[in-house]
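Hi,

Here is the structure I promised to pass on. Have a look at it first, and my notes on what turned up follow below.

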Amino acid sequence: MPGTPNPLSEMGNLDNVVVTKEERPNPSFETSALPGFKKTVQSRRAIRIFDGVPIPQDVMRDCLQDAILAPNASNLQCYEIYWVRDDAKKKRLGDLCLGQPAATTAGDIIVAVSRVDLWQTHLAKLSDIMTDGGKKPMTGPIRDYYENIIPMLMKTDRWGFHNLKRRVMFWLKSRREPTVNGPVTRADHRVYGNIQASLAAENLMLSLAAHGYESCPMSGIDGRGIARLLGLPPTAEVTMVIAAGNGTPQGLFSARTRLPLGDLVKEV
Ligand SMILES: Cc1cc2nc3c(=O)[nH]c(=O)nc-3n(C[C@H](O)[C@H](O)[C@H](O)COP(=O)(O)O)c2cc1C
């Protein structure tokens, strides 16, 4: 790492990355998309009592498709989303969400899970799918990034050898130039995975809102119990549970309250 070129800055020079006009924000896109986006963001609330009726399967699948479009670090997609459909598991999930009414009355219940442990599997799959302007194998800075930088950042071992190596490398490099400071430790990797799962969860909740359904994210849960229920390996971590469905008026517990913008957003 010390003395190596920086693939992150070099990637910006790629001229074979195709972004279609439809994907790019432009004035007509803003006119058509912005009102719906605002309506969706502003209408989403945490709703805690549902009518128990499941969301139509095609709608839920559409929302899940939107969920996986969430941005994620290095596109490694280190998370999983469990749409729990089995009645017995749904019932047990209600208990494991500590009997919260959102969980016990939800039409559908979804679990967002951090899966940092899947980084190598996903990397191998991505290497198969990703192309360089249609050509395989990939070459240049992106290939370098996936073949060298990602393993350097993600590798772990029982004795903490890779953690120590990263800590020393980052420290040495930071003496000379701006550099990333993590992930170093297992805790850093846990944060990393929970970030990816949270972003997908937010996309899911916004998509549910755009489809006219309500949701409630929950982290007041027995995460380990849920992991056992879903048969997850010890390396997985339940990030949050999302209750979803048709909300009832009683499910809205309070008016929306936010701190003043200036408390949360700093212009520097
Ligand atoms: C990560 C996370 C965990 C949450 N956990 C719970 C929870 O366990 N139970 C609950 O009723 N609401 C939970 N909420 C919902 C928040 O209380 C709610 O989003 C917040 O009060 C703001 O209200 P709003 O979403 O309606 O704007 C959680 C939200 C997030 C993002």
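**Around the ligand**

One thing to keep in mind throughout: this is a predicted model. The residues surrounding the ligand are R45, A46, R48, Q100, A102, C216, P217, M218, S219, G220, M240 and R256. If you sort that shell by class, you get 6 nonpolar, 3 polar and 3 charged residues. Which element gives the shell its largest share? That would be strand β3, residues 214-218, with 3 residues.

S219, one of the shell residues, sits in the loop between β3 and α10 (223-229). S219 and M240 are 21 residues apart along the chain, and their C-alpha atoms are separated by 5.0 Å.

**The protein as a whole**

Stepping back, there are 11 helices and 4 strands in the protein. Along the principal axes, the C-alpha atoms fill a box of roughly 60 × 50 × 40 Å. The protein has 268 residues, and buried ones make up 27% of them. As for contacts between residues at least 6 apart in sequence, 82% of them join residues at least 24 apart.

**The sheet**

The 4 strands form an open sheet in the order β1-β2-β4-β3, and the pairing is antiparallel. β1 and β3 are at the edges with a single partner strand each, so each has one side left without a neighbour in the sheet. From one strand to the next, the twist averages 20°.

Going across the sheet pair by pair:

- β1 and strand β2 (residues 108-114) run antiparallel and are joined by 6 bridges. Y79 has S114 in β2 as its bridge partner.
- β2 and β4 are paired antiparallel over 7 bridges. Here the bridge partner of D108 is A244 in β4.
- β3 and β4 are also antiparallel, with 5 bridges. E214 stands opposite G245 of β4.

How many of the residues of β4 are buried? The count is 9 of 9, so to speak a strand that is mostly covered. Helix α4 lies across β1, β2 and β4 (237-245), and it runs at about 110° to β1.

**A helix pair, α2 and α9**

Two packed helices are described by the angle between their axes and the distance between the axes. For helix α2 (residues 27-43) and helix α9 (residues 186-210), the axes come within 9 Å and cross at roughly 110°. On the α2 side the contact is made by T40, V41 and S43, and on the α9 side by L206, A209 and A210. By class, the residues of this contact are 4 nonpolar and 2 polar, with no charged ones.

S32 is also in helix α2. S32 is exposed, because it has 10 other C-beta atoms within 10 Å. Between S32 and R186, which are 154 residues apart along the chain, the C-alpha separation is 44 Å.

Most residues other than glycine have a negative phi, and most peptide bonds are trans.

- G182 and P183 are joined by a cis peptide bond, with omega about 5°. P183 belongs to the loop between α8 (161-174) and α9.
- S74 has a positive phi, near 55°, and is not a glycine. S74 lies in the loop between α3 (57-67) and β1 (79-84). S74 counts as partly exposed, because it has 18 C-beta neighbours inside 10 Å.
- L98 is not a glycine either, and its phi is positive at about 60°. The loop that holds L98 runs between α4 (87-96) and α5 (101-105). L98 is partly exposed too, with 13 other C-beta atoms within 10 Å.

Over to you!

How values were computed
Residues are numbered from 1 along each chain as its sequence is written. This is a predicted model: local features need pLDDT of at least 70, side-chain atom pairs count only at pLDDT 80 or more; totals for chains, interfaces and linings use all residues. A residue is near a molecule or strand if its C-beta atom, placed from the backbone, lies within 6 Å of it. Helices (H or I, at least four residues) and strands (E, at least two) are DSSP runs, numbered from the N terminus. Ala, Val, Leu, Ile, Met, Phe, Trp, Tyr, Cys and Pro count as nonpolar, Asp, Glu, Lys and Arg as charged, and the others, Gly among them, as polar. Axes are lines fitted to C-alpha atoms, for helices over the stretch in contact, and angles run from 0 to 180 degrees between N-to-C directions. Two residues are in contact if their C-beta atoms, placed from the backbone, lie within 7 Å. A residue is buried if 20 or more other C-beta atoms lie within 10 Å of its own, exposed if 12 or fewer, and partly exposed in between; C-beta atoms are placed from the backbone. Two strands pair if DSSP finds at least two bridges between them.
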